[in-house]
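Please keep the sequence and the coordinates at hand.

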Amino acid sequence: MEEILKTIASDIFRQDEWGQKAQYIPELAGIDPRQFAISVCLKDGSLYSAGAADKPFSIQSVAKVFSLVAALGRVGDQLWTRVGREPSGNSFDSVLLLEQENGRPRNPYVNAGAIVTTDALLAGRAPKLALAEILCLIKHMSDSDSVYINEAVAASEQKTGSRNKALAYYLQSHGNLYNDPELTLGTYFHQCAIEMTTAQLAMAGRALASLPCAPKVISHLRARRVNALMMTCGHYDGSGDFAFQVGLPGKSGVGGGILVIAPNVASIAIWSPGLNHYGNSHAGTRAAAMLTRATNWSIF
């Protein structure tokens with residue numbers, strides 16, 4: 001595995017194709033896109049990495065996986081009365097389907113769905129407590145206490161997140177937002193600003209991969225369902241292409257991170273901040289495809 005990852009990292013730098021940075025979040029727009037890291041945790045608990053695997057990055061929408069796990073633990077299947085489980089076929093911040101479908105987001109991984117999921121986590125408590133629950137869950141899943149929220153990134157998103165604000169108020173207009181939109185949005189922006197390394201993120205994915213070394217934080221059935229949504233919806237309107245190229249469930253973020261799950265085999269985390277036209281990591285997607293070709297890991 002160590003040699004496979006070194007070869008992948010070498011190939012990524014040799015190809016020298018990095019994509020574009022997320023320009024609409026000022027704190028992310030200044031990051032050098034020519035960076036790469038990959039980490040793989042196997043079922044015996046061994047962790048292998050290549051590249052800048054100890055450099056923290058903003059996980060952005062990868063956090064939606066953990067907030068979903070937390071929300072399902074808190075409200076259970078009641079969440080699905082407010083959020084669907086279907087692919088959107090639209091960009092992650094699209095308002096089109098939300099308008100057509102009466103304020104019920106297609107799935108919990110598009111922005112509107114994640115805002116509703118965050119709203120469910122806020123029920124009856126302050127934002128600090130909801131954020132503490134997500135952070136504590138991630139720290140437990142990753143077996144690491146050094147996972148933090150980058151306040152500068154959160155403030156940057158709050159300042160420029162007009163489309164997310166529009167989504168929240170549209171959800172409220174349809175009765176699908178129970179808390180004040182600004183409270184829900186503030187919590188949402190802060191969870192997206194969580195920073196992790198690929199080493200930490202790969203460790204955090206162990207429970208979703210149902211690895212024997214993972215902490216018992218989620219049932220096998222619920223992990224399977226979270227993974228199913230990652231397979232069909234985790235890369236937005238690029239989910240089909242990711243499934244075609246990689247063959248494993250994955251969740252991306254505009255910070256350049258990707259969490260990939262090989263059920264019962266491995267948890268994989270990849271980071272490269274340059275994005276493709278879908279808003280997913282350009283080099284990271286190629287690296288995931290290289291890894292599954294080298295290992296023959298696939299759910300198909």
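The structure is a predicted model, in which local features need pLDDT of at least 70 and side-chain atom pairs count only at pLDDT 80 or more, while totals for chains, interfaces and linings use all residues. Residues are numbered from 1 along each chain as its sequence is written, and side-chain values use heavy atoms, with hydrogens and water left out.

**The five-stranded sheet**

Helices (H or I, at least four residues) and strands (E, at least two) are DSSP runs, numbered from the N terminus. Two strands are said to pair if DSSP finds at least two bridges between them. On this basis, five strands form an open sheet in the order β2-β1-β8-β7-β6, with antiparallel pairing. The edges are held by β2 (47-51) and β6 (250-252); each has a single partner strand, so one side of each is left without a neighbour in the sheet. From one strand to the next, the twist averages 10 degrees. Axes here are lines fitted to C-alpha atoms, for helices over the stretch in contact, and angles run from 0 to 180 degrees between N-to-C directions.

Strand β1 (residues 37-42) pairs with β2 in the antiparallel sense over five bridges. Six bridges join β1 to β8 (residues 266-271), and these two strands also run antiparallel. The table lists bridge partners from both sheets.

| Residue | Bridge partner | Strand of the partner |
|---|---|---|
| Cys41 | Leu47 | β2 |
| Val40 | Tyr48 | β2 |
| Val40 | Ile268 | β8 |
| Phe57 | Met196 | β5 |

The hairpin of β1 and β2 has four residues between the strands, and Gly45 within it takes a positive phi near 90 degrees.

Is β1 buried or exposed? Buried means under 20% relative accessible area, exposed over 50%, and partly exposed in between (1.4 Å probe, protein chains only). Six of the six residues of β1 are buried, so the strand is largely enclosed by the rest of the structure. In a regular strand the side chains alternate between the two faces of the sheet. In β1 both faces are covered, with Ala37, Ser39 and Cys41 buried on one side and Ile38, Val40 and Leu42 buried on the other.

**The three-stranded sheet**

A further open sheet has three strands in the order β3-β5-β4, with antiparallel pairing. Its edge strands are β3 (57-58) and β4 (148-149), each of which pairs on one side only. Strand β3 is joined to β5 (residues 194-196) by two bridges, and the two run antiparallel. Helix α6 (residues 127-142) packs on this sheet and touches β4 and β5, its direction making about 10 degrees with that of β5. Contact means heavy atoms within 4.5 Å.

**Helix α8**

Helix α8 (residues 162-173) has 12 residues and reaches 17 Å from its first C-alpha to its last, close to the 16 Å expected at 1.5 Å a residue; the expected span is 1.5 Å times one less than the number of residues. Its buried residues are Asn164, Leu167, Ala168 and Leu171. Seen down the helix axis, these fall within an arc of 95 degrees, so they line one face of α8; the arc is that of the directions from the axis to the C-beta atoms. The face turned away from the buried side carries the exposed residues Ser162 and Ser173. The cover over the buried residues includes α4 (96-100), α5 (111-122) and α9 (181-192). Just after α8, Gly175 takes a positive phi of about 75 degrees.

**Nonpolar cores**

A nonpolar core is a set of buried Ala, Val, Leu, Ile, Met, Phe, Trp, Tyr and Cys residues joined through side-chain atoms within 4.5 Å. The largest has 64 residues, and those with the most contacts inside it are Ile194, Leu208 and Val226. Helix α3 (residues 63-75) supplies the largest share of this core, eight residues. Leaving aside residues up to four places away in sequence, Val226 touches Val65, Leu68, Val69, Leu72, Tyr109, Leu208 and Ile218. A second, separate core of 26 residues includes Phe242, Ile268, Ala288 and Ala289.

**Arg224**

Arg224 is found in helix α11 (residues 220-233). At 53% relative accessibility, Arg224 counts as exposed. Its C-alpha atom is separated by 8.3 Å from that of Pro263, which is 39 residues apart from Arg224 along the chain.
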